[in-house]
Amino acid sequence: MKLYKNHIMKEHSNMKIGGVAKEFIEVENRDELLEILKEKENTFILGNGTNTLIADGDLETIFISLKAIDYIDDKGNGIVEVGAGLDFSKLIDYMEEKNYTGLENLAGIPGSVGGLVFMNGGAHGTEIFDKIISVEVIDENNELRKIKKENLKFSYRVTEIKEKKWVVVSATFKFEEGYLKEVVEKYKLKRSENHPLNEPNLGSTFKNPEGHFSARLIIEAGLQGKRVGGAEISMIHPNFVVNKGEARFEDIIEIIEEVKIGVKNKTGIQLEEEIIIVRN
Ligand SMILES: Cc1cc2nc3c(=O)[nH]c(=O)nc-3n(C[C@H](O)[C@H](O)[C@H](O)COP(=O)(O)OP(=O)(O)OC[C@H]3O[C@@H](n4cnc5c(N)ncnc54)[C@H](O)[C@@H]3O)c2cc1C
C-alpha cells in the first residue's frame with residue numbers, strides 16, 4: 001500500500017482539474033482495501049478518473065486508487081475474473097488474445113472495469129452487465145460479498161452498487177468465442193472522429209433522457225460552443241464539456257447549470273449529470 005499526504009489530484013481526473021487531497025492511497029489487494037475502508041472515513045474510490053470531476057482547493061476526501069488491483073484470472077470455458085482496477089482496454093486486448101467475444105461495442109471507453117461496473121457503462125446497445133455473471137463487492141458493512149448478477153439490480157447507467165455506495169473489487173465475465181476485431185476498430189475510429197479526444201473531458205456530461213439524446217437537446221437549445229471561463233460545450237460533441245486549458249472547477253459547474261437551464265427552458269426536459277462530482 002502507498003499513502004501520499006497532501007496529494008495534487010489534477011492528474012487523477014481526465015478533466016485535469018482537482019485540488020489537494022488530504023490523503024491519496026494506492027491499495028494493492030482486497031485485504032488492504034478492506035483494512036483502509038474499515039479505518040478511514042470520507043473515502044472516494046477512484047478508477048481511471050474518466051468520469052470524475054474533482055473540486056479545486058483543499059479536499060478533506062481520502063482518495064483510494066484501485067489501479068493496482070488489475071489481475072485477470074482465466075478460469076476456463078470463457079469464465080474470466082477481473083480485478084476492478086484493470087484498465088478496460090486491457091480487457092479488450094485480452095479478449096483479442098483469447099478470441100473472446102461480447103464487449104467489442106465498448107472498445108475505446110477509457111475507464112476501469114470497476115468504474116464501468118459501478119455505473120453499468122456501455123455503448124452502441126451493449127452494457128458491461130451483458131457479459132457479467134457475478135460481482136465481488138465490499139458492502140456498507142465492510143463485508144466482502146460475491147453477488148450473482150441475477151441478485152443485483154441494474155439498468156441504464158444505474159446499479160444497486162452505485163446506489164448503496166458499495167466498492168467493486170472484481171467482476172466475473174462469461175465470454176463466448178469469436179472476437180470481432182473489425183467491430184473494435186470501427187468503434188475506436190468512430191470515437192476518434194466524434195469525440196474531442198485532444199482536450200481534457202469526462203465523456204458524456206449528461207445521461208440521455210428517455211427517448212432523447214442530450215447532445216441533440218443541447219444543439220436545439222443553441223448551446224453548442226458555449227463558453228464559461230475555460231470550459232466549453234464541445235464543438236465536436238455537444239454532450240462533452242471540454243477544458244480549454246485553464247478551466248476551474250467552478251467554470252465546469254457553471255456551464256453544466258447553464259446547459260440544464262437552457263435545455264429546460266427550450267425543451268421542457270430536465271437533464272441529469274452522468275459525471276460524478278467530488279466536492280469537499
Ligand atoms: C472520451 C470519453 C468517452 C467515454 N465514453 C463512454 C461511453 O461510451 N460509455 C460509458 O458508459 N462511459 C463513457 N465514458 C465515461 C467513463 O469512461 C465511464 O463512465 C467509466 O466507466 C468510468 O470509469 P473510471 O474507472 O474512469 O471511473 P472513475 O471516473 O474513476 O469513477 C467514476 C465513478 O465510479 C466509481 N468507481 C470507480 N471504480 C469503482 C470501484 N471499483 N468500485 C466502486 N466504485 C467505483 C467512483 O467512485 C466514481 O463515483 C467516457 C469517458 C471519456 C473521457
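This report walks through the ligand site and several packing features of the structure above.

The model is predicted, so local features need pLDDT of at least 70 and side-chain atom pairs count only at pLDDT 80 or more, while totals for chains, interfaces and linings use all residues. Residues are numbered from 1 along each chain as its sequence is written, and side-chain values use heavy atoms, with hydrogens and water left out.

## The ligand and its shell

Let's start with the ligand. Around it are 35 residues, and Ile-45, Thr-50, Thr-52, Ser-112 and Gly-122 come nearest; a residue is near a molecule or strand if one of its heavy atoms lies within 4 Å of it. By type, the shell divides into 18 nonpolar, 15 polar and two charged residues. Here Ala, Val, Leu, Ile, Met, Phe, Trp, Tyr, Cys and Pro count as nonpolar, Asp, Glu, Lys and Arg as charged, and the others, Gly among them, as polar.

Strand 3 (43-46), helix 3 (113-119), strand 9 (122-123) and strand 15 (167-174) each supply at least two residues of this shell. Helix 3 gives the most, with five residues. Helices (H or I, at least four residues) and strands (E, at least two) are DSSP runs, numbered from the N terminus.

Gly-114 sits in helix 3. Its relative accessibility is 9%, so Gly-114 counts as buried (under 20% relative accessible area, with exposed over 50% and partly exposed in between; 1.4 Å probe, protein chains only). Leaving aside residues up to four places away in sequence, Gly-114 touches Ala-84 and Val-168, where contact means heavy atoms within 4.5 Å. The C-alpha atoms of Gly-114 and Val-169 are separated by 7.1 Å, although the two residues are 55 residues apart along the chain.

Glu-274 lies in the loop between helix 7 (249-267) and strand 20 (276-278). With a relative accessible area of 11%, Glu-274 is buried too. Its contacts, again not counting residues up to four places away in sequence, include Asn-51, Tyr-156, Arg-157 and Lys-207.

## Aromatic pairs

A search of the whole structure finds six aromatic pairs. Rings of Phe, Tyr and Trp (its six-membered ring) pair if their centres lie within 6.5 Å; planes under 30 degrees apart count as stacked, over 60 as edge-to-face and the rest as tilted. Phe-44 and Phe-63 form an edge-to-face pair, 5.8 Å centre to centre with 65 degrees between the planes. This pair links distant parts of the chain, with Phe-44 in strand 3 and Phe-63 in strand 5 (residues 58-65), 19 residues apart. Phe-44 counts as buried because its relative accessibility is 18%, and Phe-63 counts as buried at 0%. Elsewhere, ring pairs link Tyr-94, Tyr-100, Phe-173 and Phe-175 into a cluster.
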